[in-house]
Amino acid sequence: NVSRLRSSSVEIREKGSEFLKEELHRAQKELKLKDKECERLSKVREQLEQELEELTASLFEEAHKMVREANTKQAASEKQLREARGKIDMLQAEVTALKTLVITSTPSSPNRELHPQLQSPSKTVFRKGHGRHKSTSSAVVSAASHNVTPEPVSHEHKEVDSILFAEFQAWKESPTLDKSCSFLDRIYREDVGPCLDFAKQEVSAGKGGQKLRGTNLAPLGRGVPVVKVSAEEYGGPKKCALSGLPRTCKHRIMLGDSGSYYYISPSCRARITAVCNFFTYIRYIQQGLVRQDVELMYWEVMRLRREMSLAKLGFYPSEM
């Protein structure tokens, strides 16, 4: 019995030892798998940390870049704002001066200091350049520097023509320089066309005088280069380029963009000046620079039409 018990105990020990070995071997395998999983997770964590650092750095860099761009744009916007305010102040000053120019020198009561061509020959200073073609800035400076009250206008017996006044009122509601409207179409047919209908059609470019609409007039002075000039001294008889008649030509004219100057007589200059004065005034109305009653503006237009008619008939001021 004792030997049997011993053999059974030995057998139990061996079986227990084998079982423990198997358990130990299984545990070691599980540990190895867990070690591998831990290494994989560590690598994933390191990769995520690295990506997070890179993302954080790129975000900070992008944020700094956006801040720099915003500061640059803000500085540029502030500069543009300052420049715009300066331009607005300058334009406001020019508008004020232009209003002063309209008030102190209208075609009905021109300011002789602002219009040298209206001065007497003894007081007129001939200058090189174009007398009528002046920049807006020079006109603004002249208007701002001369605060002269307009000359009184003589009162006349007048009666408003209902058709002409209705056409002018319709044009005044939506002022334009297009002659398709009835107001300007009538003036082109009755005044502008005949006034610019010169004998030399090849020079004046036809009845409409389209070439003369952009004309530059300049007082003729000594030493000024002139195209198509005769050999006589200044002030002597010359042939007028528009009428074709020998006259004492004190002015020259440049038509369009040809760059050539032509002598014109005082009568032709008066006709061109009358048309230019008319278009200057209606352009002032179109730009909103004339602040008068509609009837007063209408009578000023009628006076300018009368000037064109008189100039066509040969009447012109002695100062010319």
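User: Does Glu202 count as buried or exposed, and at what relative accessibility?

Analyst: This is a predicted model, in which local features need pLDDT of at least 70, side-chain atom pairs count only at pLDDT 80 or more, and totals for chains, interfaces and linings use all residues. Residues are numbered from 1 along each chain as its sequence is written, and side-chain values use heavy atoms, with hydrogens and water left out. Buried means under 20% relative accessible area, exposed over 50%, and partly exposed in between (1.4 Å probe, protein chains only). Glu202 therefore counts as exposed, at 60%.

User: How do H4 and H7 pack, and which orientation follows from the angle?

Analyst: Helices are DSSP runs (H or I, at least four residues), numbered from the N terminus; axes are lines fitted to C-alpha atoms over the stretch in contact, with angles from 0 to 180 degrees between N-to-C directions. Helix H4 (residues 182-195) and helix H7 (residues 294-312) pack at about 25°, with axes 8 Å apart. Angles under 35 degrees count as roughly parallel, over 145 as roughly antiparallel, 65 to 115 as roughly perpendicular and the rest as oblique. H4 and H7 are therefore roughly parallel.

User: Which residues is Arg305 in contact with, leaving aside its neighbours within four places in sequence?

Analyst: Arg305 is found in helix H7. Arg305 is buried, with a relative accessible area of 9%. With those neighbours left aside, its contacts are Leu164, Arg186, Ile187, Glu190 and Asp191.

User: What kind of pair do the rings of Trp171 and Phe183 form?

Analyst: Rings of Phe, Tyr and Trp (its six-membered ring) pair if their centres lie within 6.5 Å; planes under 30 degrees apart count as stacked, over 60 as edge-to-face and the rest as tilted. Trp171 and Phe183 are both buried. Their ring centres are 5.0 Å apart and their planes at 35°, so the pair is tilted.

Conventions. Helices (H or I, at least four residues) and strands (E, at least two) are DSSP runs, numbered from the N terminus. Contact means heavy atoms within 4.5 Å.
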